Amino acid sequence: MTYVSFLSFFVLGLTLGIVYVLLSEGFALLYGVAGVLNGSYGALYMVVGYSTFLFFFYFKLGILASIFASLLLVAFLSYLIQKYIADERNTLDALFLTLAFAFVLQYLVSFLQCSSAFRSSCQYPAFVPVFINGSTTFLGVSIFNQYLVADGITIAILLALWVVLSKTKIGKAIRAVSQDKLAASLVGINPMRVILLTSVISAVMAGVSSVFLTSYQTLDPTIGWNIITLAFAIVVIGGLGSLKGQILASFILAYARVYVLLFYNPLLADFVSLALLIVVLLVRPQGIFGKEVV
Amino acid sequence: MRTISNAAISRSVIVAIVVVVIVIVAATSILAYQRLVQKPVPHYVTLGLSLPLSYAVGQDAYDAAQMAVNQINANGGVVMNNTHYMLRIVAEDTDELDWTIPVDQGVSALEKLVTVDHAQVILGGVRTDVVVAEAAKLAQYQIVFVDIESNEPIVECEVHHSPSCPPGITANYTAYKYYFHLFINGSAIAPYLVKFAVELKNYAQTHPGWPNVTRVAVMGENALWTVGPVGRPAGNSTLFHVMQNLGFKVVYASLFPLNTQDFSTHLSQIAASKAGLIMLFFSGSDGASFIEQWQSYNWPNGQKPVVFGPGLLGGFSEFWTMTNGAAQSYITWPATVNVSFTPKTVPFIDAFYKEYGHTPNTAALDMYDGVYIVAQAMSIANSWKAYKLIPALESITYTGVIGVIHFTSSHGINLPSIPMYEQFGQWQNGVLVPIWNTTSSSISSKIIPPPS
C-alpha cells in the first residue's frame, strides 16, 4: 500500500462510513425504541428516489421542493406502515409483515413506472439528478461535494438526535418508551404516539440518505434490498440497539468495502458486508456492543 | 279414419319438407352471395419481438419494427406464392436489461411468442446470456431468430466455425442454424477501437489541451459481452496486447459489477495512475453514473482523461439528459449520428424522429433492417417456414439503413462493411457529433478535449 493509496483508503473509507451511519441510523432507531425491525426500510429508500424523480421531472418542482415533497410522502407512508401493519406486533411478525409490504411497494413502483400515466419514464431509467455539483480535494483525494454535504448532514442529524434524546421532553419520552413501554404509559406517556413519531423520523432518515445516494445510480424498484441488507448488517454487527456499535460497524463495513475495492477485487465489494455479518453472528451473536441475552 | 289421418300426415310431411328445402336453399343462397361479395380474408405472417420493452433499447426497437411493418404492408405486404401476406407484430417483454432477473424470464418470453402468440419468425435479443439460452431452444421450435443487439460470438460459433470463433466451441449447425446475428460481436469490436485509439493518439500529440492518451485505464462492466474485448482479468485481451504494441500502456484495469453506483475508488486509482485515456465498456445505466462522476471528479492539475469506448446506452439520445450534461466530450461507439451510411439511413432517422421525438438508437436501426431482411427472405423463399427461410437468409444481400448486409457462414453480420459499426461520435452540448469512422484519414477537427 503506497502513501497515496493509503490516503485514498483513509479518506474514502471515512466519507463512506459517515454515509453508512446515515443510512442505517433510521433502521437502528426504530428497533431501539419500538423493537421493530422494519423490513420495508429499503423500500422506503427506493420510494423516495422514485418520488423525487417524479416530482422533479413530471411535476416540474425544483429539486429542493421535490426532495421535501418526497420526504413528506415517505413520512406519511411510514406512519401508515407503523399504525396499520407493524403496531402491537412482536418483532418477528412485524418483520415479516413489513417485508411483505416492501414487495408490495416494489411491484407497485415497477407497475407504475411503465404504466400509461408515466410511459415516457420507460424510455430511460429513472434517476435523481446530482444537485450538488463538483468535488473537493481533501488530503489529495477528490471527494464529491454531494457526499461531503451528506456527511455534514449525517453529523448534524446525529448531534440533533443526541440533543433531542437527552435534553428535550419528547426525547425523554422516546427513551422511556425504548426502556419500558408499560412503565412509560404509567407516567402519562402515550407509547403509540412516541413510536409513530420515531417511525416517521426513521423513514425521513432513510429518505435523506436516498436523495444523496441515489443521485449516483439509476433507480430500479429493487435497489432497496441492498440498502436493507446493509442496514441490517450494520445494526447486527454493531449490536442491536447500540448507537456506538452502529457507528463503529458503519466504519468497519465502509473501510472493508473500500479496502476490497482499492486493493483486492471490486466484484467482491458487496460480498464483504454479508461475510462479516455471518462471522459476527457465529462468533458474537449479540454484536460488538450488544448485550448478551440470557 | 285411418285413411284420413294418413292423408293429413302426408300433407304435413310434404309441407315440412318444402319449408326445410326453402330454408336450406335460402341459407345456401345467402352464404353463397356473402362468399361472392365478401372481400378476401387477409393473410398474415406474425413476427414475434422478444425485447426488454421497459427500456429504451426495447422500446425503440419495437417502434422501428412497427414502422417497417407499416411501410411493408402499405406496399402490399409480402408476396409468397402469388398471395399477399400482411405482416403483424406481437411483442413479449423479456425485461432482460434488468440484470437481476434470471435468464429464464427471457426464455419464457420466447416460448410464449412461439406457443401462445404463434409467431412465425422471432426478432429481438439484447442481453447476451439471455440470447444464448434462447438460441438453444430454436431447434425445438424450428423457428428463425434474428438477433438485433446482443454481442458475444458464442451462438455464431455454434452455427459454424469461423476464424473469429474462440477455440473450444463445438459447432452444431443442425441445432443452431436458426440463429442470425445482425449486431457486431464483442470480439469484433476490437479492431475499430484500436484504430480509433491510434488516431486519437496522433491527434492528441499534435494538438494542445489534450492529456497523454498513451496511458490507458480500462473500466469494464462485469458482463458476458466484455469477456472478449476487456479480457479476464481486465486488461488481458488481444485488444490491449495490440494496443501495447502500438505505444499504449495499460496503467489501470478493473471490472465493476453491473449497476455500480459509486466509482470513487476507481477514479482515485485512475487519477493516481496518471491515465490520460479511460476506455469504458458498459451497456447499462452504470455507465451514466461513471460519466457523471468522471466529470465531477477533481483530476490532478485539472486535466481530465479522455473517456471513450463501447457503451450501448452512451449512444442513445437520452444519455445526455441522464448524465445531466456530464457526457460533454465523452466519445462513444457505436453512434447513431445522422450520417448517410446508405441512402436509406437519414430518411429513416428523420422519419423516426418525426414520429417518436428522438433519435433512434442502434437497436432501432438493426430492428428496422431486420424486419425488411426477413420480409425479403420470405418473398424469396415463398415461405416463412424455417427450412425454406434459412437458405434464403443465408444468401440474401440487402441494402439497409446500417449498410449493405449479408450473413457470414456462421450467420454473423458481414464485417467490415457495415458503416454504422465504424462510426464514432462525441457528445457536445447535447448533440452526438460524428468525429471519425474507419474510412476517415484522420479525426475530425470537430473533436473537443475534455473540459478542464
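This is a predicted model: local features need pLDDT of at least 70, side-chain atom pairs count only at pLDDT 80 or more; totals for chains, interfaces and linings use all residues.

User: At what angle do the axes of α3 and α8 of chain A cross?

Analyst: Helix α3 (residues 63-86) and helix α8 (residues 191-213) of chain A cross at roughly 140°, and their axes come within 8 Å. Axes here are lines fitted to C-alpha atoms, for helices over the stretch in contact, and angles run from 0 to 180 degrees between N-to-C directions. The pair α3(A) and α8(A) is therefore oblique, given that angles under 35 degrees count as roughly parallel, over 145 as roughly antiparallel, 65 to 115 as roughly perpendicular and the rest as oblique.

User: Which residues make that contact?

Analyst: Among them are Ile67(A), Leu71(A) and Val74(A) of α3(A), and Ile195(A), Val200(A) and Val204(A) of α8(A); two residues are in contact if their C-beta atoms, placed from the backbone, lie within 7 Å. By class, the contact of α3(A) with α8(A) has twelve nonpolar, six polar and one charged, where Ala, Val, Leu, Ile, Met, Phe, Trp, Tyr, Cys and Pro count as nonpolar, Asp, Glu, Lys and Arg as charged, and the others, Gly among them, as polar.

User: And α2 with α9 in chain A, how far apart are their axes?

Analyst: The axes of α2 (residues 41-57) and α9 (residues 223-238) of chain A are 7 Å apart, and the helices pack at an angle of about 135°. They are therefore oblique to each other, and α2(A) passes α9(A) in a right-handed crossing. The residues in contact include Tyr41(A) and Met46(A) of α2(A), with Trp225(A) and Ile228(A) of α9(A), and the classes come to nine nonpolar, two polar and no charged residues.

User: Zooming out, how many helices and strands does chain A have?

Analyst: Chain A has eleven helices and two strands, where helices (H or I, at least four residues) and strands (E, at least two) are DSSP runs numbered from the N terminus. Its radius of gyration is 19 Å, close to the 19 Å of the globule rule for 294 residues, so chain A is as compact as a globular protein of that length. That radius is taken over C-alpha atoms, and the rule is 2.2 Å times the number of residues to the power 0.38.

User: What about chain B, spread out or compact?

Analyst: Chain B is more spread out than a compact globule, because its radius of gyration of 29 Å is well over the 22 Å that the globule rule gives for 452 residues. Its C-alpha trace spans about 125 × 45 × 40 Å along the principal axes.

User: How many residues of chain A touch chain B?

Analyst: In chain A, 31 residues are in contact with 31 residues of chain B. The largest share of chain A's side, four residues, comes from α1(A), and that side divides into 18 nonpolar, eleven polar and two charged residues.

Technical notes: Residues are numbered from 1 along each chain as its sequence is written. Chains are lettered from A and ligands numbered from 1 in the order in which they are written. A crossing is left-handed if the near helix is turned anticlockwise from the far one by less than a right angle, and right-handed if clockwise.
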